[in-house]
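Good morning, and thank you for coming.

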Amino acid sequence: MACETQAWKDLKGHVEEINKTHLRDLMSDANRCESMMLEFEGLLLDYSRQRATVETMDKLLNLAKAAQLPEKISRMFNGEHINSTENRSVLHVALRAPKDAVIKADGKNVVPQVWNVLDKMKDFSEKIRSGSWVGATGKPLKDVIAIGIGGSFLGPLFVHTALQTDPEAAECAKGRQLRFLANIDPVDVARNINGLNPETTLVVVVSKTFTTAETMLNARTLRDWITTALGAPAVAKHMVAVSTNLALVEKFGIDPNNAFAFWDWVGGRYSVCSAVGVLPLSLQYGFSVVEKFLKGASSIDQHFQSTPFEKNIPVILGLLSVWNVSFLGYPARAILPYSQALEKFAPHIQQVSMESNGKGVSIDGLPLPYETGEIDFGEPGTNGQHSFYQLIHQGRVIPCDFIGTVKSQQPVYLEGEVVSNHDELMSNFFAQPDALAYGKTPEQLQKENVSENLIPHKTFSGNRPSLSLLLPELSAYNVGQLLAIYEHRVAVQGFVWGINSFDQWGVELGKVLATQVRKQLHSSRTQGAAPEGFNYSTTTLLKRYLETSPEPKM
């Protein structure tokens, strides 16, 4: 295990030295700060406000070598079955690889397969958008509902939300709507179909196996909505699938020719660059916009694969996360984009990070003697400042990721204002990291003649780590870059911790128990059977639910 290496032990010993420092002092060293800035294609990472010295970074890079990080990254790109518990390759990088790239899984170059599906999606989305493919009543399909959950929902929703106000993407999306149906709660169905006409709606059902319980019930619900209005034959015109189970797709009523494939080597939370995300996004924005998103992600893939670790943005970010979690003992991370367009970024990274690295055993199945994974949460600035920043400044120490853009997607300049709206936003982006790092001392407050009884309340300890990621703008290309940076950062953490970041057995148990409850609800509703086989607490809750909830129509 990583903790048995000398590099890990060196870092453990180094914590004592770091605890003697304060970011006020570390930030006064201009040479140190300069060494902690990385740039790639106009994107700037500043990690000088981390509780780390140049020596810390050297020790972290030694840990990367000791954990065989170079070899593990190579094994991922070479298509080896690094997802050992499911015996699969991990090749989401192939989803955005250039056409002439060679990336192999089980000895076969998968890039031509990827591009076959990309070309098929390009052709299909152009037919829908141009109106050459019409619905059952001859009307163009201008509204799309994508049904999927987890990775089939959070990633595409993040990208869609980020592109909605990008000028180029917005222009391409005029007159069109894209909605995402994930939750099995019927309220989600009601909200999605509200105001839509089945005659102009296309439904994309996203399920690799075409058996995901929540997705398939929602799919059957929307199929009923369509057939009730337009008749059973309309399904072939109004529903398509992202799936590999062509038999079940056809049985459902969808033409298998309108099924778009993806592969076992694509994990759900890493699937936004597959048909899972590319198809609904291309229907909304056109394939040319989505292709720029894919190229942005690919640029980071190449940077991650080929750049020396000391200048490698995902590697440095991953190592700093390991430092914060496993050595400094910070269990959480706040993702704070100063861009409303990135409001769905933190929820997506919650899944990418917490489902990947929320593990208690090593890749060999041994219990871990150290903590892995972070509790990820976030909110766009400045909204978050009026929500949870109080805790971040004066409560628990939570490392923060500040994400900003040089250019706004929708700039506003008001006559008579001191600065533009975007400058006002970015003033906070630049100020907050310094406030966290430096804090405010009792001595400073005394000089400001603050009342003695208020000094403890107005004191800020500072020494709270953060990093800043400044993007040139939030174009489709930059959105792709941001996604790939965080995907690879999470992989780096898992590689160093020695865990499998690409399985998710923790989501299974609840599903199994829900199946038992489902059977009980069915027998109680249809035969009046009393709940049995559950503990006292669950039995009591079920009885209350059955007694007071309305009888559904069976």
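Let me begin with the residues Leu95, Val114, Val117, Leu118, Met121, Ala261, Trp263, Cys273, Ser274 and Ala275, which line the second largest cavity. A cavity here is a set of points, on a 1 Å grid over the protein atoms alone, where a 1.4 Å probe fits but cannot get out, and lining residues have an atom within 4 Å of a point. The model is predicted, with local features needing pLDDT of at least 70 and side-chain atom pairs pLDDT 80 or more, while totals for chains, interfaces and linings use all residues. Residues are numbered from 1 along each chain as its sequence is written, and side-chain values use heavy atoms, without hydrogens and water.

This second largest cavity holds about 40 Å³ of space; a volume is the space filled by probe spheres set on the points, which are joined across faces, edges and corners. Helix H6 (residues 111-130) provides the largest share of its lining, four residues. Helices (H or I, at least four residues) and strands (E, at least two) are DSSP runs numbered from the N terminus. Nine residues of this lining are nonpolar, one is polar and none is charged. Ala, Val, Leu, Ile, Met, Phe, Trp, Tyr, Cys and Pro count as nonpolar, Asp, Glu, Lys and Arg as charged, and the others, Gly among them, as polar.

How many cavities of 30 Å³ or more does a search of the whole structure find? The search finds two.

Conventions. 1 Å grid on protein atoms, 1.4 Å probe; cavity = no way out; pocket = protein on both sides within 12 Å on 5 of 7 lines; lining within 4 Å.
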